[in-house]
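Below is what I looked up, in the order I got to it.

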Amino acid sequence: MNSPARIFFAGLAATLFAAPAYAGDAKAGDLVITQAWSRATPSGAKIAGGYLTIENKGTAPDRLVGGTGEIAGKVEIHEMAMNNGVMTMRPLDKGLTIDPGKTVKLAPGGFHLMIMDLKGPFKQGDKVPMTLEFEKAGKVALSFDVQGVGAQAPAGADSAAGHSMKDHSGMKK
């Protein structure tokens, strides 16, 4: 096979087998932030949820302490949990710890960003820019991919990964 054909097929193979890239992928210090997404909101809605995955590749813990975005008046870190058969939601006033060598998923039904006082609706297909703030890594700008109203995961995510997105056992608050 001649050289141009080899280059073409190598590029094709890399494209077919590469993990999908998301608009929200970012790196800050030892943290890798991937799969930032949200759901579309109805016109007039004042809140939305933000979801993402944070991996700490370092040797020290870091903490997600807040966020901002031009589309919202306020961004908080919240936790949803079942307590005695009742779904509860509470803000994590001290933020969310990401231990070294661990990955934390913010997902529906568990930890998430509560994006409040929306200045406009989130529309499917939009990219919503926001800035997250970490105790050590500082501020990180990224975009959240807006999925459909009932989405349970970002587009292209492997839902058969063998673990529950609601399992946050052992995480420090």
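This is a predicted model: local features need pLDDT of at least 70, side-chain atom pairs count only at pLDDT 80 or more; totals for chains, interfaces and linings use all residues.

I started with the order of elements: along the sequence the chain runs α-β-β-β-β-β-β-β-β-β-β-β. That comes to one helix and eleven strands. Helices here are DSSP runs of H or I with at least four residues, strands are runs of E with at least two, and both are numbered from the N terminus.

Residues are numbered from 1 along each chain as its sequence is written, and side-chain values use heavy atoms, with hydrogens and water left out.

Next, the whole chain. I find that buried residues make up 39% of the 173 residues; buried means under 20% relative accessible area, exposed over 50%, and partly exposed in between, with a 1.4 Å probe and protein chains only. The chain exposes about 9,700 Å², and carbon and sulfur atoms supply 55% of that (Shrake-Rupley method, 1.4 Å probe). I also checked contacts, meaning heavy atoms within 4.5 Å. Of those with a separation of 6 or more, 68% are between residues 24 or more positions apart.

Then the inside. Which residues have the most contacts inside the largest nonpolar core? I get L52, I54, L64, L106, L113, I115 and F134, in a core of 31 residues. Such a core is a set of buried Ala, Val, Leu, Ile, Met, Phe, Trp, Tyr and Cys residues joined through side-chain atoms within 4.5 Å.

On to rings. I count one aromatic pair (Phe, Tyr or Trp rings, the six-membered one for Trp, with centres within 6.5 Å; planes under 30 degrees apart are stacked, over 60 edge-to-face, the rest tilted). W37 and Y51 make a tilted pair, 4.7 Å centre to centre with 40 degrees between the planes. W37 sits in strand β2 (residues 31–39) and Y51 in strand β3 (residues 47–56), so the pair ties together parts 14 residues apart in sequence. Both W37 and Y51 are buried.

Last, the backbone. Q35, in strand β2, is not a glycine but has a positive phi, near 50 degrees. D117 isn't a glycine either, yet its phi is positive at about 55 degrees. I find D117 in the loop between β9 (111–116) and β10 (127–134), partly exposed at 48% relative accessible area.
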